[in-house]
Amino acid sequence: IVTFTPKAIEYDYSDSTLSYRINSFFEQRYKAKAFNGVALFAQNGKIVYHKAFGFSDFSTKDSLKVDDAFQLASVSKPITAIAVLQLVQDSLVRLEQNVQDFIPEFPYDNITVRQLLSHRSGLSNYMYFVDDIWENKDSSITNNGMLTIMQQDTPKPYYSPDVRYWYCNTNYAILASIIERATNKTYENYMNEHIFQPLRMENAFVYNRNTHPDLPKEVIGYNSIYRRKENSYLNGVLGDKGIYASAMDLYKLDRALYENDFIDQNLLAEAFSPNHPDLTRRNRDNYGLGWRLQQPSEFGEVVYHCGWWKGFKTYYIRMIEKDQTIVVLTNVTRGGYLDRPTLQGLF
């Protein structure tokens, strides 16, 4: 179990102009029914804005609280990546190691841990290929169930390994299985013991439909017309999604990532380095090991991830050089994605 002593959370609400600018943005969107959720902004190691808007449950009109946990959707991926990097740090996993070293039944050759982390495996998305095969949608599919389908049916990859960037949820579901095989712990237990508990992420947990058939009731995900989203059979697959956490939990993770006794800073720097030289020529984004990278950027070094799954939309933005952090969690899909440069510009 990781031994790490988090620093005390600090606040600084002295900049009334900054608070007004951020609050006005979210108030306007909330009044226009284009935002329902929690926003947290921090800089220089202090929280400068933290507020909840709207309801956690529209049927009961329960108000959201700032410490409510949301389904992080693909913002789970950076956390899965951090767990893998911890195993690299502990010499249980190597970035260039073959997936078959951990999962002998894995039917694809020459795919490495690094390629999974950076979305260069070329694999097809399990969310599509299992849908035609998994007949009983009332029964949750598991990571092992996904691997069994891959072994028996061997869905054709989109690309050969390491040919190009192809964002794919399958990569992170396989990484969750590698975590389990390398540690002899469940993905949930590993996350609890090595990330959530050491960082005192008090509201964070892994939701697994196989062990908890009902969705968590504190915060419910809704579509754009406030209809509750279903508890999909795909919620049994973890690693690419499945982590619930509050905005404060993510901020605690943010602070820990600056500390060498939580994660080796040289290894983390590799995670924040672009793995796709072809991408920067086409747009300003790249992808490292679990993180999207904004390059070049007027905000300095920016690493981030966004997510969207079953009514939840999430944004986790770290402007490292400026030591600024933005966490925005929503449980209603109305309004589409928030514009990331606009969020960054609120500073």
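Visitor: Why does Cys-168 count as buried?

Guide: In this predicted model, local features need pLDDT of at least 70, side-chain atom pairs count only at pLDDT 80 or more, and totals for chains, interfaces and linings use all residues. Residues are numbered from 1 along each chain as its sequence is written, and side-chain values use heavy atoms, with hydrogens and water left out. Buried means under 20% relative accessible area, exposed over 50%, and partly exposed in between, with a 1.4 Å probe and protein chains only. Cys-168 has 1% relative accessibility, and therefore counts as buried.

Visitor: What makes Cys-306 buried?

Guide: The relative accessible area of Cys-306 is 19%, and the limit is under 20%, so Cys-306 is buried.

Visitor: How do you know that the count of disulfides comes to zero?

Guide: A disulfide is a pair of cysteine sulfur atoms within 2.5 Å, and by this rule the count is zero. For Cys-168 the nearest cysteine sulfur, that of Cys-306, is 18 Å away, so Cys-168 is in no disulfide.

Visitor: Why is Lys-137 called partly exposed?

Guide: Lys-137 has a relative accessible area of 31%, which lies between the 20% and 50% limits, and therefore Lys-137 is partly exposed. Lys-137 belongs to the loop between helix H4 (126-129) and helix H5 (143-153), where helices are DSSP runs of H or I with at least four residues, and strands are runs of E with at least two, numbered from the N terminus.

Visitor: Which residues does Lys-137 touch, not counting residues up to four places away in sequence?

Guide: Lys-137 touches Asp-131, Arg-209 and Tyr-233, a contact being heavy atoms within 4.5 Å. A polar atom of the Lys-137 side chain also lies 3.0 Å from the backbone oxygen of Asp-131.

Visitor: What makes strand E2 (46-53) and strand E8 (285-287) edge strands?

Guide: Two strands pair if DSSP finds at least two bridges between them. Seven strands form an open sheet in the order E2-E1-E12-E11-E10-E9-E8, with antiparallel pairing, and E2 and E8 are its edge strands, each pairing on one side only.

Visitor: How do you know that strand E1 (residues 37-43) pairs with E2?

Guide: Seven bridges join E1 to E2, and at least two are needed, so these antiparallel strands pair. Ala-42 stands opposite Ile-47 in E2.

How values were computed: Polar contact = N/O pair within 3.5 Å; in protein donor to acceptor, adjacent residues only side chain to side chain.
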